[in-house]
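Here is a short tour of one protein model, written for someone who likes to know the cut-offs behind each term. Please have the viewer open as you read.

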Amino acid sequence: MDRDTSDALGMGDVVSNESSLANLLKEERRFAPPAELAAQANVTAAAYEQAAADRLGFWAEQARRLSWATEPTETLDWSNPPFARWFADGKLNVAYNCVDRHVEAGLGDRVAIHFEGEPGDSRAITYAQLKDEVSRAAHALTELGVRKGDRVAVYMPMIPEAAVAMLACARIGAAHSVVFGGFSADAIAARIQDADAKVVITADGGYRRGKPSALKPAVDEALGRVDGVERVLVVRRTGQDVAWTEGRDVWWHEIVDRQSAEHAPEAFEAEHPLFILYTSGTTGKPKGILHTSGGYLTQAAYTHHAVFDLKPETDVYWCTADIGWVTGHSYIVYGPLANGATQVMYEGTPDTPHQGRFWEIVQKYGVTILYTAPTAIRTFMKWGDDIPAKFDLSSLRVLGSVGEPINPEAWVWYREHIGGGRCPIVDTWWQTETGAMMISPLPGVTETKPGSAQRPLPGIAATVVDDEANEVPDGGGGYLVLTEPWPSMLRTIWGDDQRFIDTYWSRFEGKYFAGDGAKKDEDGDIWLLGRVDDVMLVSGHNISTTEVESALVSHPKVAEAAVVGAADETTGQAIVAFVILRGNVAAEAEADTDALVADLRNHVGATLGPIAKPKRVLPVAELPKTRSGKIMRRLLRDVAENRQLGDVTTLTDSSVMDLIQAKLPAAP
Ligand code: 6R9
């Protein structure tokens, strides 16, 4: 990083345009793709050219990765924007594509899932076994009255039955709606009601942090409030006691195990609904994002193949997400299984029973491709370099990141301490709404830059625009937009087409508004700068939370940072930073907070320029996060502005907020 130059710049130089995001961070480290990987890469630079010359032809070719009962002849129907139809005259069965066809191709003995339970129990499930289990579960759902077009809610721990449940729904044409295990009864009830689900699939509980954690009570409570759910299918995982409603509840092992393992998959239209997944905006009721079959699976499979350079014969892939997050849908269930990958599925938390658990799993299974989130990476940094150093991580060859902008320092730490300095990092930008990856380096092609997702994938059109929808020049900042439809795009918000149009297609005429701030660097590469709602306005300048956080994380004593703009009489908003210190400095800092705070403020000033210097820096032990690891800045804003906290229902651990509030000195 070129700190000297940015230090020398006055604020007038670094902030070019008041209405657009300032381009503050200068990151000059570059990493070429490993020659050996590049020489054998699944996808080369030619893919960009091919897709640029004929985008629809490119996607039509990718659709041929799938096995269609009726091959599509149409690629895209965009006659009624923003309602897209992809491969609309094709028919397929998604579950057949994820299991049966691999068995038919003679790969039945290949392990599909290496399951690792938190208490240490493990199971290897082959594609042949997975096919049998999905078939039995499909029969069981039919016996429970589920029909094509119905909705099924899934509220499960991270166990193989969660994937089986999703695939069984897909197999019979019922849309699943997965609700994060850990969401409250309220959240479950709202989602069941909105989707009008007929059946709920759950478990007695799952293992978290060394003990059984109950799931079924939340379902029972939710069903006390909503009508329409006829049956509840319950997997026995922990063996803990459960309340039982006769006539409604049925054990998975009692109904699924006795079914036939032969099940003829019906072919559904490419636009048949596959799933609904709710995203919680900061305001309003959650949006039921609807995904359909053919286009979704095409892009999930293609991106998994291209971005991870997946070699299904030899790779062992591990995505650490929960299936309740879109990342679990596309990159645990649909993408990897459509590609016949062998993957690891882990039930629990990264620090149970010890802080090296992830690295122990990488070593045990010889994981070659690891896909995780910046929040996890920053936590590992905080725990210390010595922990991964105790394990053999030499099997790894590609590392992925998703969920938030990754701070350059965390990126470099990931590369060095997990990737042994040799693995390319793919920073993948996408959303529940986009269904699959949209912007990412390709590991055999891209010269990577720490902190940048860089370039739209082949066949994807994305850019950055200003307030007036004009594309910004290289070096400019503004809003990320997607300018052409893509196969795995959301089709609507369940039951609310108007909200779909208003939320995504009305801000900029004819373009999809992602809600993220972004900038383009001098090479035209894209850097994501956080949600537009989080952008701060300081003395008339838009400043991204991401850049200030990255500057803080680049200080050797900081593991993690969250930055918000709090109302301020003189500057409009003032920057308030909450920081988590790295393991070995936390104790030292207790004694010397004032000096450290001054040091951190100066460090940001020196890195980004004086305008970005936080007014207040507060060392804290934890930050409020969603279940997928995103920092909930709006709650920190509530704290910084001495307001009552807003909705905390999607927080992983609400006691975190008490700790933070207790630490907060009265506003100066
Ligand atoms: C896949 C997923 C979507 C939002 C998105 C953006 C943030 C995700 C990112 C990233 C920067 C990345 N985001 N990946 N920001 N770089 N590589 O996370 O879906 O939970 O719907 O969140 O996450 O803000 O708009 P979802």
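The sections below cover the basis of the model, a lysine, the annotated positions and the aromatic rings.

## Basis

This is a predicted model, in which local features need pLDDT of at least 70 and side-chain atom pairs count only at pLDDT 80 or more, while totals for chains, interfaces and linings use all residues. Numbering starts from 1 along each chain as its sequence is written, and side-chain values use heavy atoms, with hydrogens and water left out.

Let's begin with K625, found in the loop between β30 (616–619) and α22 (633–640). Helices (H or I, at least four residues) and strands (E, at least two) are DSSP runs, numbered from the N terminus. With a relative accessible area of 10%, K625 is buried (buried means under 20%, exposed over 50%, partly exposed in between, with a 1.4 Å probe and protein chains only).

The side chain of K625 makes a polar contact of 3.0 Å with that of T375. Such a contact is a pair of N or O atoms within 3.5 Å; within protein, one must be able to donate a hydrogen and the other to accept it, and residues adjacent in sequence count only if both atoms are side-chain atoms. Beyond four places in sequence, the contacts of K625 (heavy atoms within 4.5 Å) include E560, M632 and T650.

## Annotated positions

In an unreviewed entry, UniProt lists R208, R209, G210, K211, T327 and S539 under "binding site". They spread over 332 residues of sequence and up to 49.9 Å between C-alpha atoms. UniProt positions follow the numbering used here, feature names are shortened, and annotations may be inferred rather than shown by experiment.

G210 sits in the loop between β9 and β10 and is exposed, at 58% relative accessible area. Not counting residues up to four places away in sequence, G210 touches E118 and T352; R209 has E118 and T352 among its contacts as well.

## Aromatic rings

The whole structure holds 33 aromatic pairs. Rings of Phe, Tyr and Trp (its six-membered ring) pair if their centres lie within 6.5 Å; planes under 30 degrees apart count as stacked, over 60 as edge-to-face and the rest as tilted. F58 and Y302 are edge-to-face because their planes stand at 90°, with centres 5.3 Å apart. F58 belongs to helix α5 and Y302 to helix α12, so this pair ties together parts 244 residues apart in sequence. F58 is buried at 1%, and Y302 is buried at 3%.
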